[in-house]
Amino acid sequence: MARRIWFAILAFSIIVAIFGLDPAEAVSANISHSYKSTSVLTQGSLVSLDPNRSNYVEPANTGNGSRLMGIVVIGNDSLLAVNDNQGASVQIATSGNAAVLVSTVNGDIGLGDQVSVSPFNGVGMKAAPGAQIIGLAQTRLAASTPGISSQTVTDKGGKPRQIQVGVVQVGIAIRQNPASQGSEQLTGLQKVAKNLTGHTVSTARILAALGVATISILALVTLIYASIYSSILAVGRNPLAKYAVFRTLWSVVVIAVLAVFISGLVLFLLLR
């Protein structure tokens, strides 16, 4: 029996050694293709096809985003690296997951946010309306994120600018942002909410926020009216009880303030 257990443990160890992949390797697995470039491309840069040269790529930005091709990676990081261009200098990931250089120029990037090309060569950002999407962010990036740094980059007009740059993992899925029409596709409620919050909020969240606000207002008005009305009646019937009545009324006011705070917090979470 003991020998069987030892054989089972040994077999399990061999299987893990042969087939096991650590999480970092699984995250970086992708399919990449070799291309040429006349520009110096940093790992993680977004690239677009060069319209003037076959099998050449150039740093991607909002000006050439319609030709977005993929992300610069190291060939060894790819699950499958296809070298079909002789003398090619860079490997471009076209599917799978890859690390992307991004900036906070269009706001912080959260889990599941769409990442698009930006006005800066090779650098992505939180998707803007009409921009070409490279994929969905699988990690976060904010100004307080460890590792974020200030870098001087070149915009699509060739002018150098200093921005905050970091890295996020992205699931590659190239497409155009479905919100390409911008505010023209927003409903009336969404336009009002966008003017108040500064960003687009779904109709369902707006309706939920309106429901919470309506219920909260009705409950507060009813509570305060009933408390004041009852206090007046109690004092009229027994003037000596006015101090006890006022203490009760103050307790009701405290409860009302607490209810307003909780309602405001719920509204903030719904509309953020």
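Visitor: Is F268 buried or exposed?
Guide: This is a predicted model, where local features need pLDDT of at least 70, side-chain atom pairs count only at pLDDT 80 or more, and totals for chains, interfaces and linings use all residues. Residues are numbered from 1 along each chain as its sequence is written, and side-chain values use heavy atoms, with hydrogens and water left out. F268 sits in helix α5, residues 242–271. Its relative accessible area is 51%, and the cut-offs (1.4 Å probe, protein chains only) are under 20% for buried, over 50% for exposed and partly exposed in between, so F268 counts as exposed.

Visitor: How far does α5 reach from its first C-alpha to its last?
Guide: Helix α5 has 30 residues, and at 1.5 Å a residue you'd expect 44 Å (1.5 Å times one less than the number of residues). The model comes close to that, at 43 Å.

Visitor: What do the buried residues of α5 pack against?
Guide: Start with who they are: V245, V252, A256 and S263 are buried in α5. The buried residues of this helix pack against residues 203–237, which is α4.

Visitor: Over to S103: which backbone nitrogen does its side chain reach?
Guide: S103 belongs to strand β6, residues 90–103. With a relative accessible area of 0%, S103 is buried. Its side chain gets to 3.3 Å from the backbone nitrogen of V105.

Visitor: And which residues does S103 touch?
Guide: Touching means heavy atoms within 4.5 Å. Leaving out residues up to four places away in sequence, S103 touches I109, V123, G124, M125, L141, I163, Q164 and V165.

Key: Helices (H or I, at least four residues) and strands (E, at least two) are DSSP runs, numbered from the N terminus. A polar contact is a pair of N or O atoms within 3.5 Å; within protein, one must be able to donate a hydrogen and the other to accept it, and residues adjacent in sequence count only if both atoms are side-chain atoms.
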